[in-house]
Amino acid sequence: LQHFCSKCGYATVNKTSLLYHIIGMHLKVEPFRCSSDCNVTNSLPSNIRQHEARMHGSSSPPTVNPNEATPSNRGGPSPAQDPVYTCSGCSERFRAPLDVLYHYL
């Protein structure tokens, strides 16, 4: 099953990839921020992890850009799992990057 972007025709079999595509390419939102003080942002958490490993020797999860984070009642960590992604706007922690996006949106 293919998922298509209604704006440009981008196609993927992964629905999450389509979500990241729309957020980064069409909404121009970069909710993930480097946990160091360099303020690098990106729409993909994997790009932030790569940046942190290369530039800072770190493997810590990315945080949400504090200038773009908004409060929301959606998302949140599962109580049985340790959250690893933190929204720097409100300090809420999440288990997965997709949970950060649901919180952000």
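**Reading the chain**

Tutor: Begin with Lys28, which counts as exposed at 58% relative accessibility. Exposed means over 50% relative accessible area, buried under 20%, and partly exposed in between, with a 1.4 Å probe and protein chains only. This is a predicted model, where local features need pLDDT of at least 70, side-chain atom pairs count only at pLDDT 80 or more, and totals for chains, interfaces and linings use all residues. Residues are numbered from 1 along each chain as its sequence is written, and side-chain values use heavy atoms, with hydrogens and water left out.

Student: Where does Lys28 lie, and what is its phi?

Tutor: Lys28 sits in the loop between helix H1 and strand E3 (32-33). Helices (H or I, at least four residues) and strands (E, at least two) are DSSP runs, numbered from the N terminus. Lys28 is not a glycine, yet its phi is positive, at about 55 degrees.

Student: How many helices and strands does the chain have, and in which order do they run?

Tutor: There are three helices and seven strands. From the N terminus on, the order is β-β-α-β-β-α-β-β-β-α.

Student: What is the mean pLDDT of the chain, and which element has the highest?

Tutor: pLDDT is the predictor's confidence in each residue, from 0 to 100. The chain averages 74, and 65% of the residues score at least 70. Strand E5 (residues 63-64) has the lowest mean among the elements, 60, while the highest, 96, belongs to E2.

Student: Is Thr12 buried or exposed?

Tutor: Thr12 is found in strand E2. Leaving aside neighbours within four places in sequence, Thr12 is in contact with Leu1, Gln2, His3, Ser17 and Leu18. Its relative accessible area is 10%, so Thr12 is buried.

Student: And is Val13 buried or exposed?

Tutor: Val13 is found in the loop between E2 and helix H1 (15-26). Its contacts, leaving aside neighbours within four places in sequence, are Leu1, Gln2 and His3. With a relative accessible area of 60%, Val13 is exposed.

Student: How far apart in space are Val13 and His3?

Tutor: In sequence, Val13 and His3 are ten residues apart. From C-alpha to C-alpha, the distance is 5.8 Å.

Student: What does H1 reach from its first C-alpha to its last?

Tutor: H1 has twelve residues. The expected span of a helix is 1.5 Å times one less than its number of residues. H1 comes close to the expected 16 Å, reaching 16 Å.

Student: Which residues of H1 are buried?

Tutor: An α-helix has 3.6 residues a turn, so residues three or four places apart point the same way. The buried residues of H1 are Leu18, Tyr20, His21, Ile23 and Gly24.

Student: Where does Ser6 lie, and is Ser6 buried or exposed?

Tutor: Ser6 lies in the loop between strand E1 (3-4) and strand E2 (11-12). With a relative accessible area of 76%, Ser6 is exposed.

Note on methods. Contact = heavy atoms within 4.5 Å.
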